[in-house]
Amino acid sequence: MVIDKAGYNHLIEYFTENLALFEKPGEPIANGKTVMCAIEDKIAANIINLCTQHDELEMNHRSLIIREVDGIVYDLQEILSSVINQPVTQEQLEFIEEFSGLVKNLFDSAIADLLD
C-alpha cells in the first residue's frame with residue numbers, strides 16, 4: 001500500500017536526514033516517555049484518525065494498513081536502535097509528530113487511490 005512506494009522511500013530519507021536530532025543530548029520532556037514510546041503513540045494516534053476518517057475501508061484494507069504500520073515502526077526501530085530507550089526530548093517529539101503526520105498523509109493518498 002505505501003511501503004513499496006517511492007513516497008515511503010522519500011519519507012525514510014527525510015527521517016535519516018534528521019538523525020542528528022536523536023543523537024544530540026537534550027532536556028527530556030516531563031512525561032518520561034522513551035523515543036520509541038513517543039513514536040508508537042504518535043503513529044498509532046494518526047492511524048486511528050485515518051481509520052476513523054475513512055469508515056468506508058473494508059476490514060482487509062484496515063488489516064493491510066496495520067501490517068504496514070508495523071513495518072514502518074520496525075524500520076524506525078532499526079534506524080534508531082541505539083536511542084530508542086532514551087527519554088524523548090521536546091524537539092524530538094515535535095519531529096516525531098511531524099513525521100507521523102507525514103505517514104498518515106501517505107496512507108491518505110493510498111486510500112484515495114484505492115477507493116477511486
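1. Helix α4 passes helix α5 in a right-handed crossing. The model is a predicted one. The axes of α4, which covers residues 59–79, and of α5 come within 12 Å, with a crossing angle of roughly 150 degrees. Angles over 145 degrees count as roughly antiparallel, so α4 is roughly antiparallel to α5.

2. The residues that join this pair are as follows. From α4 the contact takes H61, I65, E68, V69, I72 and L76, and from α5 it takes F99, V103, F107, I111 and L114. By class, nine of the residues in the contact of α4 with α5 are nonpolar, one is polar and one is charged.

3. Helix α5 also packs against α3. Helix α3 spans residues 35–53 and α5 spans residues 90–115; their axes come within 9 Å and cross at roughly 30 degrees. Since angles under 35 degrees count as roughly parallel, α3 is roughly parallel to α5. The crossing of these two helices, α3 and α5, is right-handed.

4. On the α3 side, this contact is made by V35, A38, I39, K42, I43, N46, I47, N49, L50 and Q53. On the α5 side, the residues are Q92, L93, I96, E97, S100, G101, K104, F107, D108 and I111. The contact of α3 with α5 comprises ten nonpolar, six polar and four charged residues.

5. Two residues of α5 deserve a remark. F107 and I111 are listed in the contact with α3, and F107 and I111 are also listed in the contact with α4.

6. The axes of α1 and α4 come within 11 Å and cross at roughly 30 degrees, which makes α1 roughly parallel to α4. The crossing of α1 and α4 is right-handed.

7. In the contact of α1 with α4, Y8, I12, F15 and T16 of α1 meet G71, I72, D75, L76 and I79 of α4. Six residues of this contact are nonpolar, two are polar and one is charged.

8. G7 lies in helix α1, which runs over residues 6–17. Its relative accessible area is 30%, so G7 is partly exposed. The C-alpha atom of G7 is separated by 20 Å from that of R62, and the two residues are 55 residues apart along the chain.

9. On the fold as a whole, the secondary structure comes to five helices and zero strands. From the N terminus on, the order of elements is α-α-α-α-α. The radius of gyration is 15 Å, close to the 13 Å that the globule rule gives for 116 residues, so the protein is as compact as a globular protein of that length.

10. The C-alpha trace spans about 45 × 30 × 20 Å along its principal axes. Of the 116 residues, 40% count as buried. Among contacts with a separation of 6 or more, 89% are between residues 24 or more positions apart.

Conventions. Residues are numbered from 1 along each chain as its sequence is written. This is a predicted model: local features need pLDDT of at least 70, side-chain atom pairs count only at pLDDT 80 or more; totals for chains, interfaces and linings use all residues. Side-chain values use heavy atoms; hydrogens and water are left out. Axes are lines fitted to C-alpha atoms, for helices over the stretch in contact, and angles run from 0 to 180 degrees between N-to-C directions. Helices (H or I, at least four residues) and strands (E, at least two) are DSSP runs, numbered from the N terminus. Angles under 35 degrees count as roughly parallel, over 145 as roughly antiparallel, 65 to 115 as roughly perpendicular and the rest as oblique. A crossing is left-handed if the near helix is turned anticlockwise from the far one by less than a right angle, and right-handed if clockwise. Contact means heavy atoms within 4.5 Å. Ala, Val, Leu, Ile, Met, Phe, Trp, Tyr, Cys and Pro count as nonpolar, Asp, Glu, Lys and Arg as charged, and the others, Gly among them, as polar. The radius of gyration is taken over C-alpha atoms; the globule rule is 2.2 Å times the number of residues to the power 0.38. Buried means under 20% relative accessible area, exposed over 50%, partly exposed in between (1.4 Å probe, protein chains only).
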